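Hi everyone, thanks for making time this morning. I'd like to walk you through a model, so please have it open while I talk.

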Amino acid sequence: MRILFLLITCFVYSTSAAATGTATATASTKVVAPESEQLQSKEQQVQSEPQPQSEAQPQQATTPNGEKINAAYWLKKLQEALTKSNFEAGIVTLKGEKTESYQWTHGFKVNDDGTEVEIERVSPLIGNGITAIRKNQTLSFFESNKEPYSISGVSIRNFIPAIFYKDFGDLVDSYQFVLVSKSQIAGRSAQLIRVESVTKEAYNFWVWIDVISGLPLRMAYIDEQGEVVEQVLMTHLSYLTEPNEEINKLFEIQLPQVANTAIAMNQQTNNWQLEYTPNGFELLKSDRHHVSINREVADYYLFSDGLVEYSVYVQRPIESFNSPLVLKDGGTSFVMVHADGFDVTVVGMLPTETAFKIAKSVKSK
Amino acid sequence: MTNQHQEPLSAMLDDELTNNELTQALDSIKDNQQSVQTFGRYALIGDVLRKEQELVSDDSFANSIQAAIADIELPMVDQLETENVASIAKHPKWYQRASQKVVQLSEHKLLKGSAQFAIAASVALVAVVGVSNMNPGQDKITSPVLNPVPLVQGLSPVSLSSDSFKEKPTANQVTQSRINALMADHNQQLRATDDKEELEKEDKKIEQ
């Protein structure tokens, strides 16, 4: 009997667009305590099919205060789904002409001593990229021909923007949230939320949230012209009420110890004046370090507006390129310019114009 | 042609002739195309043995030498000036030396030393080979003709994306390595920094 409930995989292929109603909204909220509510969730699933008439009712009921809170409701749901559910998903990222695919697993398991262990893994499906496994706050990276190592971290951020794990309220000053219509993605009903840059200095970010699970079915960075510059697609989703075998296996894996060595950082990088910073971006850190790979010294600044980040590098001048050097990889811009006696490089998820403006504004003090 | 006939040639290249003998030798070969070819081959062989010139062991190479030498006349020197001839012909020193020596050869004046003459002949040969190997259709290639290594094909510089590289074909190795390094560093920084920031936030929450 119990075996029946061990693995309930939600593949609700809604035959009509109106397949989601009260049943689906409640179904997703009970993920938090799967053990006790297995029976109920099973019932809910059965019920969800013959009840197509109650469209969009719960949404208005939960958020009577207008659009912004509506969007916040969905984003909150997204956040909970990302951190509190068991699922396995296939992910495809489309960046410029490059396509990458990942398997994404997330789940919970209770230790012998009663403590809950959060387990997450993102591994590339093709090629030998970096596989990241996280157990609670230990984040380990596995790469072929390299020693695995661990750092502290509460989420694997490969294709999911950092803000999904933080407070969306941080974005209110620089972005506006727009609740748009529902649509179908891979046969599932999805709610589109548009996170739009107020000043147009950054990309707009659109996310389609699965109505049932709250997980992101599709994410896209959109430029001012409305073109998709980069996007992430969920190709399949297994939504689990209990950890599956894969999660159990991951639970058994011993991760390497978190390296305790503090990275030596030189904090004296106040040599430069960055006169232009796009709206909403704040300095996260600055230091002087050797750039990995070619060991060139760089004065480094990292800015973020919560959703996206960009780096500013100030380095010795090299004569081998024609300023400005402007490259693009999907939504990531790379702008390198000659300044007065030094080179400035801006790399980040920004429109090229903004990146160029930032690079041009760097002056020596 | 007898071996006897070739002896003076060989001796001349080996610097074993007196002035009189040298004059005789030059006279004897002046109207004989075959002798001229033989002389050229001897000079080339000598050069290769002395490692003064790289040997390209290819039948077509030898054929092209013979073909070129058969045609060698003053017009060849004029051709050196035409646009179709690649960099070697444009090199002032090569041109000067080659034309000078070819003229000397054609007028078969007495040279100061036969050794010099041998060098001169080989220089002319190299120039001729270089010119005759150039097809008219290849005149866009500006690589050094004397370099026997073929142009490397199928290798192209790596870029962030093929699109961007098409726009910036001038990016060289140094630039490229910096671009790659900065892209990698940017991603690395993102990974580390986000987590740090979040942990700090969590710490603050705990403190509160």
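First, the ground rules. This is a predicted model, where local features need pLDDT of at least 70, side-chain atom pairs count only at pLDDT 80 or more, and totals for chains, interfaces and linings use all residues. Residues are numbered from 1 along each chain as its sequence is written, chains are lettered from A and ligands numbered from 1 in the order in which they are written, and side-chain values use heavy atoms, with hydrogens and water left out.

So how confident is the predictor about chain A? On pLDDT, which is the predictor's confidence in each residue from 0 to 100, chain A has a mean of 77, and 78% of its residues reach 70 or more. Over residues 1–69 of chain A, though, the pLDDT is below 50, and this stretch has 96 contacts in the model beyond near neighbours in sequence; a contact means heavy atoms within 4.5 Å.

Chain A has an open sheet of 11 strands with antiparallel pairing, and the order is S6-S5-S4-S3-S2-S1-S11-S10-S9-S8-S7. Strand S6 (149–152) and strand S7 (175–185) of chain A are at the edges with a single partner strand each, so one side of each has no neighbour in the sheet. From one strand to the next, the twist averages 15°. For the angles, axes are lines fitted to C-alpha atoms, for helices over the stretch in contact, and angles run from 0 to 180 degrees between N-to-C directions. As for the other terms, two strands pair if DSSP finds at least two bridges between them, while helices (H or I, at least four residues) and strands (E, at least two) are DSSP runs numbered from the N terminus.

Let's zoom in on one pair. Strand S4 (residues 131–135) and strand S5 (residues 138–142) of chain A run antiparallel and are joined by 5 bridges. One of the residues to look for is A:Arg134, whose bridge partner in S5(A) is A:Leu139. In the loop between S4 and S5 of chain A you'll find A:Asn136, which has a positive phi of about 50° although it is not a glycine. A:Asn136 is partly exposed, at 34% relative accessibility. On that scale, buried means under 20% relative accessible area, exposed over 50%, and partly exposed in between, using a 1.4 Å probe and protein chains only.

Next, helix H7 (residues 352–360) of chain A. Its buried residues are A:Thr352, A:Thr354, A:Ala355, A:Ile358 and A:Ala359. Down the axis of H7(A) they fall within an arc of 160°, so they line one face of the helix; the arc is that of the directions from the helix axis to the C-beta atoms. Among the elements covering these residues are strand S15 (309–315) and strand S17 (332–338) of chain A.

On to charges. The structure holds 12 salt bridges over all chains, each being a side-chain nitrogen of Lys or Arg within 4 Å of a carboxyl oxygen of Asp or Glu. A:Arg188 and A:Asp210 form one at 2.8 Å, N to O. That pair links distant parts of the chain, from strand S8 (residues 188–197) to strand S9 (residues 204–210) of chain A, 22 residues apart. Both A:Arg188 and A:Asp210 are buried. In another salt bridge, A:Lys146 meets A:Glu143 at 3.6 Å, N to O. There, A:Lys146 is exposed at 53%, and A:Glu143 is partly exposed at 29%.

Chain B comes to 10 helices and 0 strands. Of its 208 residues, 35% count as buried.

Two backbone details to finish. The peptide bond from A:Ser323 to A:Pro324 is cis, with omega near -10°, and A:Pro324 lies in the loop between S15 and S16 of chain A. A:Lys200, in the loop between S8 and S9 of chain A, has a positive phi of about 70° although it is not a glycine.
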